[in-house]
Amino acid sequence: MGTPQDALTRIACLVEARYGLSPAVLEQRLCGYLGRSSAHDQAQLADQLSVAHEDHPLWQALIEGLLVHETYFYRHMDQLDVVTQEVLPLLRRQNPGGISAWCAGCATGEEAYTLAFMMRDAGLSARVIGTDLSARSIASARLGSFGQTPGLNSFRAMPAVAWSKFSAIPGRPAVWSVAADIRASVEFMVHNLVLPLPDARRMNLISCRNTLIYFSAEGQRRVEENIVASSGPGTILLLGPAERLRYTNVFEPLSYSHPQILHWPEHKAR
Ligand SMILES: C[S@@+](CC[C@H](N)C(=O)[O-])C[C@H]1O[C@@H](n2cnc3c(N)ncnc32)[C@H](O)[C@@H]1O
């Protein structure tokens, strides 16, 4: 019988191999998830996880217990202002037929809907796909209903004009639904970012914000490979403030003042 630390390390390694998440980043949440379970139970869980399919309830419960789904509408407004002023006009010129956008690690959908709102406001025809590992978050994103609970809710940074994109839900005070026509332009899918996106479209805009920070070096390498596979010359990539690419050099910052807004220059080969 190994020690609890052995079981914890084994489980963290299994999670990294399957989902690319960093054992160092996971450790605290893993300790919280395992709680006061005995060394025997933890070792047994590690054994079961090592042979179970990813759809197995043990894997699903573990993943839901470890992931961090913090998100809200119009997050990082300073970056989104640049997207509205500089990126969307560029995308419109380059893609007169319409925009394909991928929100990679979309949690409960606020970021994917924000992109859809912004493109709608800019008069762009767009299809947005939002993906996340968490089946629970994706189910919630598809519903498109968000509670305006006191404190840090999904609307905490939303500009007042964006309320026009929501309607009240009869009988559910303080719950707001994304307008049906906008909901119809956003598709949500459970997807593990260390695997290639099954959607074969070349994306014009990819937002992968506040997600890479959870990955190990090898996990991030795999995510970057899959982002590149869904991109091409002209693709714009948005990262979170604490994130940077480490393995691919096809993307370059659009400007020095916004290093987390990257683009794939037209002349650059894969
Ligand atoms: C902190 S949230 C960021 C949400 C949103 N992008 C934002 O910036 O507001 C990070 C999301 O990454 C997702 N995630 C973590 N590992 C993933 C993986 N291997 N594949 C897909 N999504 C993953 C989590 O489930 C979580 O919803």
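Just after helix α2, Gly 35 adopts a positive phi of about 55 degrees in this predicted model.

Stepping back to the whole chain, the protein is divided into domain 1 (4-66) and domain 2 (77-263). The centres of these two domains, taken over C-alpha atoms, are separated by 29 Å. Their contact involves 10 residues from domain 1 and 14 residues from domain 2. On the domain 1 side, α1 (4-19), α2 and α4 (57-66) are the elements that each give two or more residues, and α4 provides the largest share, with three residues. By class, this side of domain 1 has five nonpolar, three polar and two charged residues.

The largest nonpolar core has 69 residues, of which Ala 101, Ala 112, Ala 116, Val 128 and Leu 237 touch the most other members. Helix α6 (residues 110-121) gives this core its largest share, seven residues. Both domain 1 and domain 2 contribute residues, so the core lies between them. Beyond its neighbours within four places in sequence, Ala 116 is in contact with Ala 126, Val 128, Ile 182, Ser 185 and Val 186.

The ligand, too, draws on both parts of the chain: at least three residues of its shell come from each of domain 1 and domain 2. Of the 25 residues around the ligand, Thr 71, Gly 105, Ala 107, Leu 133 and Leu 193 come nearest. The shell divides into 10 nonpolar, 10 polar and five charged residues.

Key: Residues numbered from 1 in each chain as written. Predicted model: local features only at pLDDT ≥ 70, side-chain atom pairs only at ≥ 80, totals over all residues. Near = placed C-beta within 6 Å. Nonpolar A, V, L, I, M, F, W, Y, C, P; charged D, E, K, R; others polar. Domains from an automatic or database assignment. Core = buried A, V, L, I, M, F, W, Y, C linked by C-beta atoms within 7 Å. Buried ≥ 20, exposed ≤ 12 C-beta atoms within 10 Å, placed from the backbone. Helix = DSSP H or I, 4+ residues; strand = E, 2+ residues; numbered from the N terminus. Contact = placed C-beta atoms within 7 Å.
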